[in-house]
Amino acid sequence: MSTVLIADDDPDILALVTFKVKQAGYHLITATDGAAALAAARETTPDLCVLDVSMPRMSGLEVCRELRKDEATAKVPVLLLTARAQEADIEAGFDVGADDYVVKPFSPRELVARITAILGPAQ
């Protein structure tokens, strides 16, 4: 079963994404700030990280950058989920190594479809 790390400091977004991704059949790990997300990713090496960009302690961009530097997590796909919709923000996300970028507000069904496109169907 594929493991998805979801990191978001907004409890409502975290609950919604957790519910939909779990419903799709993936195993979950959650974090409410960037530093906790980075620690969890290093400890468990998830199959995919879904990171909010604006989080306390470390941004999703910083987490992505650190994941890419570490040989153990360098190839873990990263999907950024954020309210930042400017072209420069999206470009910055891809510049640090993100594999996908979803802007809030978002469709939970589309988010699960993007996760499935990266990981394949949950087993």
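Predicted model: local features only at pLDDT ≥ 70, side-chain atom pairs only at ≥ 80, totals over all residues.
1. Let's start with the cysteines. A search through the whole structure turns up zero disulfides. For Cys49, the closest cysteine sulfur belongs to Cys64 and lies 8.4 Å away, which is too far for a bond; a disulfide would need the two sulfur atoms within 2.5 Å.

2. Cys49 is buried, with a relative accessibility of 0%. Cys64 is buried too, and its relative accessible area is 0%.

3. Now to helix α5, which runs over residues 108–119 and has twelve residues. From its first C-alpha to its last, α5 reaches 16 Å, close to the 16 Å expected at 1.5 Å a residue.

4. Which residues of α5 are buried? They are Leu111, Val112 and Ile115. These residues lie on the same side of α5, because they cover an arc of only 95° around the axis. The face turned away from that buried side carries Arg109 and Ala117, which are exposed.

5. What covers the buried residues of α5? The cover includes the strands β1 (3–7), β3 (48–52), β4 (78–82) and β5 (100–103), along with helix α1 (11–23).

6. Finally, have a look at what comes after the helix: α5 is followed by Gly120, and the phi of Gly120 is positive, near 90°.

Terms used. Residues numbered from 1 in each chain as written. Heavy atoms only, no water. Buried < 20%, exposed > 50% of the residue type's maximum accessible area, 1.4 Å probe, protein only. Helix = DSSP H or I, 4+ residues; strand = E, 2+ residues; numbered from the N terminus. Expected span 1.5 Å × (residues − 1). Arc of directions from axis to C-beta. Contact = heavy atoms within 4.5 Å.
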